[in-house]
Each structure stands twice: as structure tokens, then as C-alpha cells.
Amino acid sequence: MRWPGSGLRVTEGTAAALFFGALALLPLALSFNPYYLSILVAALVLGSVAVSWNVLAGLCGQVSFGHAGFFGLGAYASAILAMRAGWSPWLAMAGAGVAGVAVSLLIGLPSFKLRGPYFALAILGFAEVLKLLALNLDSLTGGSQGIFGVPPPTALRLGGLTADFEASRTANYYLAGLLLLLVWGAAVLLRRSRAGVAMATVHADEEAAAGIGVPVLRTKATALAVSAFFTALLGAFYAHYVHYLDPDSAFDGAWSIMPIVAALFGGMSTLVGPAVGALVITGLDEFLFKRLFESGHQLFFGLLLAAVIVWAPSGLLGGRVRRPTT
Amino acid sequence: MISGSSIVQSLLSGLLEGGNYALYSLGLAFVFGILRIINLAHGEVVVLGGYVAYWTLVRYGVGPVLSMPLAAAAGGALGWLTYRLFLRRVREAPELNTLILTFGVGIFLTNLFLQLWTGDLRSIEVDWLQRPLTLGPIRASVGELAAFGFSVAAVLGLQAFLHRTRAGKAIRVTAIDRDSAALAGIDVERVDRGAFAIGGLLAGIAGPVLGILANVSPGVGGPLTVKAFILTVLAGVGSISGLIAAGMILGVGEALTVTFFSSSYRELFGFTLFLGILLARPSGLFGRRI
């Protein structure tokens, strides 16, 4: 199926510039309405996780059904580092990313011996294990009670401007936007690098890749590590943004499902598509689905997932964005 | 102090539960073995079967044994519809597309159930099935024993169908070599559709058993799918009869984990076993072709 107006084709750089430009101006257009900003922060977090998920899926062809595991891990790691070890929230967030990498290697190196579906489901298994650990390691995680009072990132001063993350939604919005830009930029750099080319080769044909000397295992592990780093980082941001964690919210299956919907909907063959998809589906969810169905509004996402994969597998942007020829 | 009889009791409960696990997994294992499709909406079809039995009991007073064919038909129809609407269009696409597709169908169904019937836990309560049978300090309910017998019968029945009937043989041949089967005059497209519908039927028939022994709610579909997949891998893809042994290993392991550690580590046993098997012996314990 071709989306309406699919004659219009732009390069990915142009699409991304338009997208990030619009994001920068959006709060002005909404006159800094805190309700809309809070929805947008959620959309940006989802967008970043979707772009991270797509580093593994879109670049390297490895689908994960368990990114909630990395998200929750990052959230808990950062909260614990900031509250128990007394780290600055900024440093704790970086630490959470590193924890994500460490766990992803622990998970990935054995699992990557498994092909496609087995890998996807092994990751799902690991995500469940991590959630169970968060529930059961009471002394560290507070068990099912969760952790209250996760501190916000310390305020930043730049000249006369102060970004106060405790009080200002706008500050959090721009921080989330910058994180998305960071994740997207890293993904672009990765795609251009040697490792990125190796990932494209593995995606296209794993056996042929191994045949021409591509280190398949190392390539997949790199993709997973980058993906897990940023997913954990975003989980950490989420913890410091909502100030409260429990296993059900931090490891919520939605953190596995929604990035997949966003990435597929936006277009997995592009790097900015998943972010666009995240904004569109969050908008649909808040302003349409949740008003139609109070409970069970995720029904539409299930349908969307099935419809997109059958009738429009290249997604919203996939057919319209030219891949740079590398 | 853990007494000897509580260990025997947990062994027995685990063995019985393991038989049911085999039944809950049968549809997924069958479809995976034949079509190489992991149906991530499998658990939701089981749940649908459970709801069918629950509502026929509550609304019309029809017991779960009688409503079982209805539950099976609902599951089969849903499987057939899923195949007709979506799956046949992505048969040629990469394997992961079918995985994402059925994942989406599962999310859709879970939320549809939630919308239609709320998140309440429903259990099918029939007096004669809950009657306890005791042997010294060991106890089990009539329902548990009947469900176990039914599970074993279902597994053997499926085996017999695959090996003794023309349709079953056509399905097996198509699974082994699609092109040759087509050349031999088998309508492989019809076999695919039929096999997926049978998978749905097998899932649907497990629903009433789930409702009798535990409960049915929108949220149990996902974990059920994961458990079915664990069991399929443990048994070895293509090994239908291996499911019973695999189910018992899982059931007994879980029961002993609860007895010796804590019920909060129950699920951890399954995942550890799953990952251990995947990494150490990906072909499963009884892996061979159907």
C-alpha cells in the first residue's frame, strides 16, 4: 500500500531537520501548556526508546520483545545510584546506561547464538527475569512497594537561563528532546561506521555475512549494547522525571510493545521514522483511543501492528525517505 | 522443616499441573512444528476458550464438559480467521513479520477481552470437579485428575490424527517438504489454513480446563503463550508427545521451587530452565521431526 502523497520524497537528513525543528518550536505553539507538554515528554521518551529499539531491529535485523527489561533496569539502576550511592542524578543516568550495556552483553552473548524468533523470545524471558528480580530483591529495590522520591536531575545554569527540572515541564521537555536528538545522532553515526555497515550485512543475510568475514556475533552484540545503553538511559530519565518507581510501571510490557508499534508505524528502514511514529501514536492514543475506550485502548495498537506489518511494512516514512547511499 | 509428605504432595501437584501445561501448549507447539510460525496470540485463544466455557456456564448453566466443543470451535474459527485475514499475506515475508503480526493480534485480543468482560478473574466452578480425593495426607481434586487425563488424551489424539488420517499425513508431508507436497497434488495453502485452524482449536479446547483449574482473565494470555513457548522449546520443536514430559519437568520444578524457596521464585524456574535449554541444547530434550 502506498500512503497518500507518497510521490514526495526527501532525504533522511531533511526529514530529521524538519522533525527536530518542529519539536523545538512546538512548546511555543502550545503556549507552554503543561498538560500538552507532559504528553509530549511521554511521546519523546517513547520516541527515544523506539529509535534505540530500531538500532537493533532496523539496522541489524534482530527484533527484541523485551526492551522493557532494559528500560526498567535503567530506571532502577539510576534511582539506586542516586539515592543509595549518592551520585548526582546526571552521573547516575550515565551509570544506568552502562548497567544496560553490561546486562545486554550478559544476555546477548549467549542468546545471539539463537536465530531470529528464539532471540526475540529469549530477550522476553530475560525481561521477565529482571522484573522478577526487581520484585524480589526487596532490600535493593523496595520490592513491590517501589521507590519513592527519586530526585530530579540537578538544575543547570547556562548564562542567565536556568533549567529547573524539578518545577519546569518545559525544561523536562527540552531535556527529553535533547535525549532524542542524542539517540538519533548516535544511530546515524553508527549506521555510517564500519560496524553499521556490518550490521546492514548481517540484516541482509547472516550466512553470507559470516561467509565474507563479518564478525556476526560481535556485530549483533554491538547493536544490542548501543540499543540497551540508550534504552536504559531513557529509563533513567523517566525515573528522575516521574520520581517514583515500581516493578509494574518500570518493567511495564508497554515499554516493549509501544516502541515496536512506533518503529513499525514510523518506518523501520529509517532512523527518524520511529521517533515520528512515537509522536503520532502517542497523539492518537491520548486524543482518540483513550477517549473511545477507557480500558483496553491498546486494542488499537494491536490492530495497528497487524495492519502495518501486512499492508504497509515500510511504515509512514519508509517509502518517502531516501536512504543515503553508503 | 519441610516434611516428606509435603514433598510428595508438591511432586504430585507438579506432575498433574505439568500434564495441563502440555494441553495449554499443544496448539502453539503444533503450529510451530508444522508451519514454523510462533503464534504469539496463542494464549489469548486459550483465554477465549475459557471465556466461552465460563459464559455458557453462567448464562445458560451448561457445564464445561459440554461446552468444550463450543470452546474448541471458537478457537478454531479465530485461528482460521487470523490466517485468512493476515497470516497468508505474510507467509513469504521474513519469519519475524509473522511473529510481530501474531504479537499484534494477541495485544488486540487481550484488550478486546478487557473491554468486553473487564479484567476480573473468572473461574469455572462446578461442584463435582472440585470434590477432593485424599490418599492419606496426599490430596488432589477430581478436576485435576480429569484434566490430566484429558491432556494426555488430547496429546495422543493429535498424534493419532497426524499419523493415521489422510489429512494428518498431508499436514506432515507439507511440513517436511512443501514443494514436493504441492507436486504430489496436495493443496498446501489449504493445509496451512487448516493447520492454523487446528492450532486454534487445540488452544480453544484448553480454555475450559484453564478456567476449571485456575482462572481466566485478559492478562493470563501473554504469560500462557510464553509458557507454551518454553515448553515447546523444552520438548523440542516438532515433538508433540515430548510436551507431556516437558510439562511435568516444568510443573515439578515449579512446585519444588515453591516448596523449598518461595512462591515468588516460581516463574524464575521456568525462565531459567528455558534459557538453559536454549543455550545448552537448542533442539530440546526430545527434538526430532514430526
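This report walks through a predicted model, from the contact between two chains down to single residues.

## Ground rules

Local features need pLDDT of at least 70 and side-chain atom pairs pLDDT 80 or more, while totals for chains, interfaces and linings use all residues; side-chain values rest on heavy atoms, without hydrogens or water. Residues are numbered from 1 along each chain as written, with chains lettered from A and ligands numbered from 1 in written order.

## Where the chains meet

Let's start with chain A and chain B. Each gives 35 residues to the contact (heavy atoms within 4.5 Å). Together they bury about 3,300 Å², 83% of it on carbon and sulfur atoms; that is the accessible area (1.4 Å probe) lost on being put together, summed over both parts. Between the two chains there are 0 salt bridges, a salt bridge being a side-chain nitrogen of Lys or Arg within 4 Å of a carboxyl oxygen of Asp or Glu.

On the side of chain A that touches chain B, helices H4, H5, H12 and H14 of chain A each give two or more residues (helices are DSSP runs of H or I, at least four residues, numbered from the N terminus). H5(A) gives the most, with 13 residues.

## Inside chain A

Leu224(A) sits in helix H10 of chain A and is buried, at 0% relative accessible area. It is 168 residues from Leu56(A) in sequence, yet their C-alpha atoms are 5.7 Å apart. Beyond its neighbours within four places, Leu224(A) also touches residues including Phe70(A) and Phe112(A).

## Salt bridges

The whole structure has 9 salt bridges over all chains. In one of them, Glu286(A) meets Lys290(A) at 3.0 Å, N to O. Both lie in helix H13 of chain A, 4 residues apart, about one turn of the helix.

In chain B, Glu17(B) and Arg266(B) pair up at 4.0 Å. Glu17(B) lies in helix H1 of chain B and Arg266(B) in helix H12 of chain B, so the pair ties together parts 249 residues apart in sequence. Arg178(B) and Asp192(B) form another salt bridge, at 2.9 Å. Arg178(B) is partly exposed at 30% relative accessibility, whereas Asp192(B) is buried at 1%.

Definitions and conventions:
Buried area = accessible area lost by both parts, 1.4 Å probe. Buried < 20%, exposed > 50% of the residue type's maximum accessible area, 1.4 Å probe, protein only.
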